[in-house]
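I opened my notebook today to look up two places in this structure. Come and read along with me.

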Amino acid sequence: MDRLVIEGGYRLHGEVTVSGAKNAALPIMTAALLAETPSIIHNVPDLRDTRMMAEVLRALGAKVEFENSTLKVDPSTFSITEAPYDMVRKMRASVYVLAPMVTRLGEARVSLPGGCAIGARPIDLHLRGLESLGADVKLEHGYIVARNEKMQGGEVLLTGPNGSSVGATANTLMMAVLTPGTTTIRGAAKEPEIIDLVGYLKAMGAQIDGAGTSTLKIEGVSKLKGVKYSIIPDRIEAGTFFAAAAITEGDCRVHGAKLDQLESVIDKMGEMGVYISAENGSVRVACDGPPRAASFRTLPYPGFPTDMQAQFMALLCLADGQSVITETIYPDRFIHVSEFVRMGAKVTLSPGQAIVQGVPKLSGAPVMASDLRASAALVVAGLAADGVTDIHRVYHIDRGYERIEEKLQGLGANIRRVQTPRPVMD
Ligand code: EPZ
């Protein structure tokens, strides 16, 4: 199992380019199964998760080629209507196959996703979407069993206890495009990844209005055709590089970052005294001292993204003053805190909230990654810490960051990947 070993204290400088967005690529890869002819999708990041999704599509019968960030999906042989536990437990996004199975093959048997390190992640809203379109849905032996008897367009409200749901919006949208009649989704997610999914579906012939708003209107069509499409850049990867540049008091240019998708992140960085602005098609981030303390709460888009919470906490651990972080999307998403405390940070927790008292410096330590963004935050902290930080279980980071150590080395970081051979079990 690989580790990342970082010697901290190097100021980052230079240029880096972000890859395609994981959270747009995953639903778009399953949406390719809604068509009857092949799609060619460009700018697909080479990650554990996209490789796993390609495996999922192959296991359902589709032909998939994935090379050099280009994916070719031929759905003409898509025929399998079961997504087993072993597949879905490894990657929750596999639940997106529900839509093409039910609408194109008429039935689906998809394992319920298991638990998750970042907190409770029910899928009741996905099922609400399915039922609102008239599908017959049962839960049996840990599986969602759905049949498309006479699905018909309908009205559905997809707001949950913590606001809109990206996943339920994507799944219901993908179900509605091939369902006869008009479907109205209220309380829809407005994330850029949803807008990108709508862009792909419309390119294939779907009729959708309202992308980027909380109300989506879909007119069902009888079939879709495969197209060429290119995925948007990854705003969370971009935000992670912003935090890395700022915590090392560096000066970097991030290519591919879209300012309009990162307003809440950029506003917060400005408040913290970090210089950040668009220059020649890239975003320049520079910082020449410890950031100012700043408080924030995570919210659905366009609010502050929960997927940037841990990376910003790393930065605020070295801030001048006290910051309060309120996590409203995943109230338990604070596993990274104990590892920061091992590095000398001062963070106190209460339900859904963390109080961060800035300290003059962090010290390198052996730490354990627990989920994708927590591991990215440990990398950010390690870049600024005194001495060596040794991050274990980095397979978490490989789920969502393409060649992160190479990209950081390109910015002058002292980081390397160490392959630890798996222990031989007697
Ligand atoms: C997506 O997850 C992202 N994953 C997550 O990023 C991200 O944290 C999350 O959206 C929020 O922005 C992908 O796109 C693959 P949700 P998703 O449905 O779709 C509750 C990363 O690091 N909810 O928007 O699973 C839920 O518990 C990952 O890249 C219900 O109550 O998230 C949460 O509190 C981690 N019922 C809130 O809604 C449901 O049926 C938002 O969840 C569905 C969700």
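**Entry 1: around the ligand**

I began by sorting the residues of the shell around the ligand by class, and I found ten nonpolar, seven polar and six charged. I kept in mind that this is a predicted model.

Next I looked up how many residues surround the ligand, and the count is 23. Asp124, Ser165, Val166, Asp307 and Ile329 are the closest.

Then I checked some polar side-chain atoms. For aspartate 124, I noted one that lies 2.6 Å from a nitrogen atom of the ligand. Aspartate 307 has one lying 2.7 Å from an oxygen atom of the ligand. I also found that a polar side-chain atom of tyrosine 330 is 3.1 Å from an oxygen atom of the ligand.

How much of the ligand does the protein bury? I wrote down 89% of the 820 Å² that the ligand exposes when taken alone.

H5 gives the largest share, three residues.

**Entry 2: the second largest pocket**

I turned to the second largest pocket, which holds about 250 Å³ of space. I counted 15 residues in its lining, and Ile247, Glu249, Leu318, Pro360 and Ala384 lie nearest the centre.

By class, I listed ten nonpolar, two polar and three charged residues in this lining. Helix H8 (235-247) and helix H12 (372-384) each supply at least two of the lining residues.

Definitions and conventions
Residues numbered from 1 in each chain as written. Predicted model: local features only at pLDDT ≥ 70, side-chain atom pairs only at ≥ 80, totals over all residues. Heavy atoms only, no water. 1 Å grid on protein atoms, 1.4 Å probe; cavity = no way out; pocket = protein on both sides within 12 Å on 5 of 7 lines; lining within 4 Å. Points joined across faces, edges and corners; volume = space filled by probe spheres on them. Helix = DSSP H or I, 4+ residues; strand = E, 2+ residues; numbered from the N terminus. Nonpolar A, V, L, I, M, F, W, Y, C, P; charged D, E, K, R; others polar. Near = heavy atom within 4 Å. Polar contact = N/O pair within 3.5 Å; in protein donor to acceptor, adjacent residues only side chain to side chain. Areas by Shrake-Rupley, 256 points an atom, 1.4 Å probe, with all protein chains shown as cover.
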